[in-house]
Amino acid sequence: MIGEIISNRFGTDAGGSCRVIIQSPRLRGSWRSKALKAGLALLMLLTMGFIALPVASLLLKNPLDTVVQTLHDPMVVDALRLSLSTSAFTTVTVVLLGTPLAYINAKFRYPGKEIADSLIDLPVIMPPAVAGIALLMAFGRMGILGHYLDGLGISIAFTTLAVIVAQIFVSSPFYIRQARTSFEDVDISMENAARTLGASRIYTFFHVILPIAFNGLVSGAIMAFARSLGEFGATIMFAGNFQRRTQTMPLAIYTAMQGDLDVALCLALILVIISFLVIVIVKTLTRRMYENVRN
Amino acid sequence: MLEIDVKKRLRDFDLQVKLRIAEGEILMLVGDNGCGKTTLLNLIAGLQSPDFGRIALGGRTLFDSELKENMIPEERNIGYVFQSYALFPHMSVYDNVAFGLRARGLSRREIELLVKEHLDEAGLWDIRKAKAIDISGGQKQRVALARALIIEPDLLLLDEPLSALDVRCQAAMRRDLREKIHACQVPSIIVTHDLRDVACIGDRACLLESGKIALTGGPDEAMSWGAQMPFGREENGERIELKEKNREMN
């Protein structure tokens with residue numbers, strides 16, 4: 001009977017193949033479910049393997065004793081020092097300039113807010129080479145502002161300051177976007193409660209809003225730091241590639257690839273470790289932030 | 001004495017209220033969701049501004065559209081207990097209660113004395129070091145009230161102070177709330193949906209409908225409003241009409 005129904009519906013005879021279907025509708029479901037799970041697992045493994053293999057290769061192709069030896073290479077030391085110092089300076093600058101901007105965009109409406117918002121996000125999608133040319137056109141010796149600065153004896157392009165300017169340009173959206181979300185997540189009743197209790201807007205900002213949004217701000221700052229550390233395209237166009245002056249870690253990897261691969265691998269490994277730490281810290285802080293918001 | 005005569009255009013209607021509340025009087029403000037109760041509290045506290053009118057408290061003008069006066073919230077000296085309590089989650093119970101005193105720049109010694117007194121009175125001294133997010137609903141309500149009372153406000157505003165508590169806790173809190181508010185001897189407005197609150201806490205009640213005061217009376221008169229008026233509230237996804245509540249009480 002069931003065979004007839006199936007053969008009518010699917011246009012098959014009630015013989016061999018149908019018997020399988022008749023015997024085990026439950027089994028068929030279970031087989032399909034298993035096949036689906038296996039397929040998904042394979043897809044996951046492929047995707048994760050695609051990401052993990054290059055990272056693992058860096059570790060496998062980098063014997064520990066070579067890494068330790070290469071760590072003392074002047075090129076590595078200079079690049080590491082320059083990258084860490086410029087990225088730290090960039091992060092502090094982005095936090096100081098970006099926090100008020102993020103707060104204003106989170107809490108207030110003003111004409112042209114949408115345009116300002118899009119402008120803040122622009123460096124994220126702008127190709128790094130374009131960012132480099134744009135910075136040159138603005139701050140280079142013949143640039144719109146750089147022309148006047150040059151007249152005052154201030155030169156930015158192809159200096160360490162240019163590295164910082166390029167890093168600020170590309171990393172600021174990462175902080176400002178995250179900071180804005182963190183400020184938006186602070187319940188307005190907290191601010192209102194503080195003000196009815198006698199706190200000024202500034203006192204409320206520093207004692208209520210900032211501490212509640214703090215984890216989100218830190219995670220934004222870490223992301224900006226990581227983006228600065230990995231910055232390559234805009235830096236090489238706007239600041240050049242001079243050891244000790246503008247040769248940051250990504251630039252040193254690019255240079256070393258043409259000569260000493262060990263140096264390139266060692267620098268790459270350091271960047272991978274820092275990136276991994278950044279992800280762990282950001283995830284932890286973000287989770288804490290959302291727990292606070294939920295509570 | 002609190003005197004209010006304000007008008008504000010809201011999305012669906014005009015909020016237009018004229019009220020006088022004497023020193024030590026507790027006015028219960030009841031009405032349907034979205035009828036303008038919380039907005040009225042915000043206008044008084046300075047968190048929103050009326051379009052026209054005047055608000056005066058104990059001889060001080062808080063808002064006057066003709067004189068273009070609009071005192072900022074931090075200068076109004078109003079104790080406001082928010083519906084969500086709005087306790088600062090990153091601070092301890094002690095720091096929450098001390099917040100208003102610190103914002104006023106009191107000395108550490110003065111703050112310690114006052115906070116201890118208020119926490120002792122509210123039975124919160126033992127949990128003074130607990131984070132505000134880690135305490136129970138009843139404790140949160142007491143912390144929020146202590147935080148509002150410690151600044152010695154000239155007016156108390158409470159937005160559904162008992163709605164977040166379970167029924168057993170509500171009954172105990174009603175008595176507690178009335179005693180504490182009466183002890184302050186300042187005008188008070190309590191927003192509520194529950195006629196039991198009106199009966200147990202209030203001296204007078206106003207029914208707000210679409211931004212206008214539809215009925216005013218004593219707590220006893222307010223008990224009959226539930227039988228006449230259709231307003232009610234959502235409770236566990238179910239609409240509880242005050243009519244039903246009234247029947248339960250009788």
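In chain B, where is confidence lowest and where is it highest? The structure is a predicted model, in which local features need a pLDDT of at least 70 and side-chain atom pairs count only at pLDDT 80 or more, whereas totals for chains, interfaces and linings use all residues. Residues are numbered from 1 along each chain as its sequence is written, and chains are lettered from A and ligands numbered from 1 in the order in which they are written. The pLDDT is the predictor's confidence in each residue, from 0 to 100, and helices (H or I, at least four residues) and strands (E, at least two) are DSSP runs numbered from the N terminus. In chain B, confidence is lowest in strand β13 (residues 238–241), with a mean of 44, and highest in helix α3 (residues 93–103), at 95. The average pLDDT of chain B is 86, and 90% of its residues score at least 70.

Two residues are in contact if their C-beta atoms, placed from the backbone, lie within 7 Å. Over residues 232–243 of chain B the pLDDT stays under 50, and the model has 16 contacts beyond four places in sequence for this stretch; over residues 245–250 of chain B it also stays under 50, with 9 such contacts. Where pLDDT is low, the predicted coordinates should not be read in detail. For the complex, the predictor gives an ipTM of 0.86 and a pTM of 0.79.

The contact between the chains takes 17 residues from chain A and 19 residues from chain B. On the side of chain A that touches chain B, α10 (188–196) and α11 (201–230) of chain A each supply at least two residues, and the largest share, 6 residues, comes from α10(A).

A residue is buried if 20 or more other C-beta atoms lie within 10 Å of its own, exposed if 12 or fewer, and partly exposed in between, with C-beta atoms placed from the backbone. Helix α10(A) is largely enclosed by the rest of the structure, because 7 of its 9 residues are buried. These buried residues, among them A:M190, A:N192 and A:R195, pack against α11 of chain A together with α1 (37–45), α2 (73–76) and β7 (78–81) of chain B. Just after α10(A), A:G198 takes a positive phi of about 105°.

In helix α11 of chain A lies A:S228, which is buried, with 28 other C-beta atoms within 10 Å. Leaving aside neighbours within four places in sequence, A:S228 is in contact with residues including A:T86, A:Q167 and A:S171.
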